[in-house]
Amino acid sequence: MNKILRINMKTKEIVYESPKDEYLKTGGRGLIAKIMLAEVNPTCDPLGSENKLIIANGMLTGTNVSSANRISIGAKSPLTGGIKESNGGGITAMWLAQLGLKALIVEDMPEDDNWYYIKIDKNGCTLEPANEYAGMGTFEYCEKMIEKYPDCAVTCIGPAGENLYHSAGIATMDKEKKPNRYSGRGGLGAVMGSKKIKGIVAAEKGSVTIADKEKFSEAFKAYTKIIMDAPSSANYRTLGTASTVRVTNDLTGLPTRNFRGEKFEHADKISGESLYEFIKQRGGEGKTTHACMPGCVIQCSNVVPDKDGKTIVSPLEYETIGLMGSNLGIGDFDAIAKLNAMCNDFGIDTIEVGAAMGVAMEAGEGQFGDASSAFKMMDEIINGTVFGKVLACGATITGKVLGVSHVPAVNGQAMPAYDPRAIKGMGATFATSPMGADHTYGPVIKTDKGWAEASKGSQMFMAILDSLGICMFTRAAIANEKQLLVDLVNGFTGYDLDVDWLEKVSTETIKDELRFNELAGFTKENYRMPESFMKTKIKSTGDVFDLTEEELDELRL
């Protein structure tokens, strides 16, 4: 894993480069931040020629380390106007790393109106014509690629990305070769569409070289045991991310009817426990546990079947249950799963669209609790009506167009499924993330510390995991195992790094991201919570988001 592949979509030039020295000892989100700061004009049009689409592999990507092969995609976000990194599961990152890539950079834009896909194999990289695939959903496109390359890994966009919708995501194949894993946030699918790239295809597998097999093997065994034995892993393996539903609802933090600040009366129907039973009872293709990446021992994913046992969607996760379920007043797994599946095939973020729908329902453009209203809105998005295009621009634009002031978004990006008035640690992260409201930037649901302190610590640790390529669901197990993480990296790369290096990666990543945004025009006033969440109380508790401006300012490095 030692080359950067650079593709210029205007000239069609394809070049393999050796990484700069400052790129060598970071990866994933950290590498994206460095490339963005060095190469992308922060004031550029996110959908213009100066923006770049970057896939950067984590420091452990390509190995068989559990949960360490997440794909990390970055660009300037059309939603926020700032830096954005969005990572997801699947197989593409592992395959790209095994084909020798540290990063893939797509720059400039074609002068023609033709579509392409990027094909990478052991012989190199080519740009292939893709006009015949334009307009295809992600599933049909991946099926077409499998017909051409029977054993491949694909990352692609759907029609949402082709149409440059600001809530468009990027889909990646899981190990069953289905495009179910999403880098959904920030509108990166629109950036990929602006480059006229339909997909990225790793057409064959490669391999990586372990520099110190003995050291790596010893650290690998210890790491795997810790992950396997962790109570958090057992919980995710059994109930998946939906285990969070009851926790947040008990805190009055599960979004309900456009973040109204109420407990959801149907929360038990859409809880992790109920989803587990729902899948078991239907059987067929349903799976209560499932790995999105090869070798993952946590296996927090699932496969949700219909009444005939056929797959509706995989996975159905907490964020989608919250935003397209309780946030819309819907307490029915069939409806939520079908909405999820429609988004996946169209290539659009369930969090952003669910939040936009909630705003629209508050404006009277649908009825909370009525699944048919949600399906009608999805049909409008897919059919490209004017109202559908407004929804596809995200929650903030939808609120402006429809005159709704209570919009759950920060810097143009919708809040994930945590009401920041009740779960203030998440609120602190939403407000201070340079990527807009983003729970993965520093998740905190409960803490014995102060909210700001807990958020800052979580943000620092997530910068480490995102730069290594490791899934956030390992964090409870390995939070105190930093030396073990360093041992894995040293064993794989042959470097002689220490724990201080991890802290440096974390600090530099966040500082680079904040610096990019500063150059893009962000000030401290951008890192705030919307006024309605600071002044509108949760009726049952009286809670508002009340972290001070000084506390929020101190969170930023």
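How do the axes of helix 12 and helix 14 cross, and within what distance do they come? The axes of helix 12 (residues 333-346) and helix 14 (residues 371-383) cross at roughly 5° and come within 11 Å. The model is predicted, so local features need pLDDT of at least 70 and side-chain atom pairs count only at pLDDT 80 or more, while totals for chains, interfaces and linings use all residues. Residues are numbered from 1 along each chain as its sequence is written, and side-chain values use heavy atoms, with hydrogens and water left out.

- Helices (H or I, at least four residues) and strands (E, at least two) are DSSP runs, numbered from the N terminus.
- Axes are lines fitted to C-alpha atoms, for helices over the stretch in contact, and angles run from 0 to 180 degrees between N-to-C directions.
- Helix 12 and helix 14 are therefore roughly parallel to each other; angles under 35 degrees count as roughly parallel, over 145 as roughly antiparallel, 65 to 115 as roughly perpendicular and the rest as oblique.
- On the helix 12 side, the contact is made by Ala335, Lys338, Leu339, Met342, Cys343 and Phe346. Helix 14 contributes Ala371, Ala374, Phe375, Met378, Asp379, Ile381 and Ile382. Contact means heavy atoms within 4.5 Å.
- By class, this contact has 11 nonpolar, no polar and 2 charged residues. Ala, Val, Leu, Ile, Met, Phe, Trp, Tyr, Cys and Pro count as nonpolar, Asp, Glu, Lys and Arg as charged, and the others, Gly among them, as polar.

**Aromatic rings**

- The whole structure holds 11 aromatic pairs. Rings of Phe, Tyr and Trp (its six-membered ring) pair if their centres lie within 6.5 Å; planes under 30 degrees apart count as stacked, over 60 as edge-to-face and the rest as tilted.
- One of these pairs joins tyrosine 133 and tyrosine 141, whose ring centres are 5.5 Å apart with planes at 75°, so the pair is edge-to-face.
- Tyrosine 133 counts as buried at 5% relative accessibility, and tyrosine 141 counts as buried at 0%. Buried means under 20% relative accessible area, exposed over 50%, and partly exposed in between (1.4 Å probe, protein chains only).
- Another pair, tyrosine 165 with phenylalanine 346, is tilted, with 6.2 Å from centre to centre and 40° between the planes.
- This pair links distant parts of the chain, 181 residues apart: tyrosine 165 is in the loop between helix 5 (159-162) and strand 10 (170-172), and phenylalanine 346 is in helix 12.
- Tyrosine 165 is buried, with a relative accessible area of 7%, and phenylalanine 346 is buried, with 6%.
- Tyr117, Tyr133, Tyr141 and Tyr149 are linked into a cluster by ring pairs.

**Lysines**

- The charged end of lysine 198 sits over the ring of tyrosine 141, 5.7 Å from its centre. A charge sits over a ring if NZ of Lys or CZ of Arg is within 6 Å of the ring centre and within 35 degrees of the ring normal.
- Lysine 25 lies over the face of tyrosine 495, at 5.1 Å from the ring centre.
- Lysine 119 is in strand 7 (residues 116-121) and counts as buried at 18% relative accessibility.
- Beyond its neighbours within four places in sequence, lysine 119 is in contact with Gly124, Cys125, Thr126, Glu128, Tyr149, Val201 and Ala203.

**Buried parts of helices**

- Helix 17 (residues 424-432) is mostly covered, with 9 of its 9 residues buried.
- The cover over the buried residues of helix 17 includes strand 16 (409-410), helix 18 (451-468) and helix 23 (549-555).
- Alanine 219 lies in helix 7 (residues 213-229) and counts as buried at 5% relative accessibility.
- Alanine 219 touches Leu484, Asp487 and Leu488, not counting residues up to four places away in sequence.
- From alanine 219 to asparagine 490 there are 271 residues in sequence and 9.8 Å in space, C-alpha to C-alpha.

**Backbone details**

- The peptide bond from serine 314 to proline 315 is cis, with omega near -5°. Proline 315 is in the loop between strand 15 (311-313) and helix 11 (318-324).
- Aspartate 108 is not a glycine, although it has a positive phi of about 60°. Its place is in the loop between strand 6 (101-107) and strand 7, and aspartate 108 counts as partly exposed at 21% relative accessibility.
- Glutamine 299, also not a glycine, has a positive phi of about 55°. Glutamine 299 is in the loop between strand 13 (287-290) and strand 14 (301-305) and is partly exposed, with a relative accessible area of 27%.
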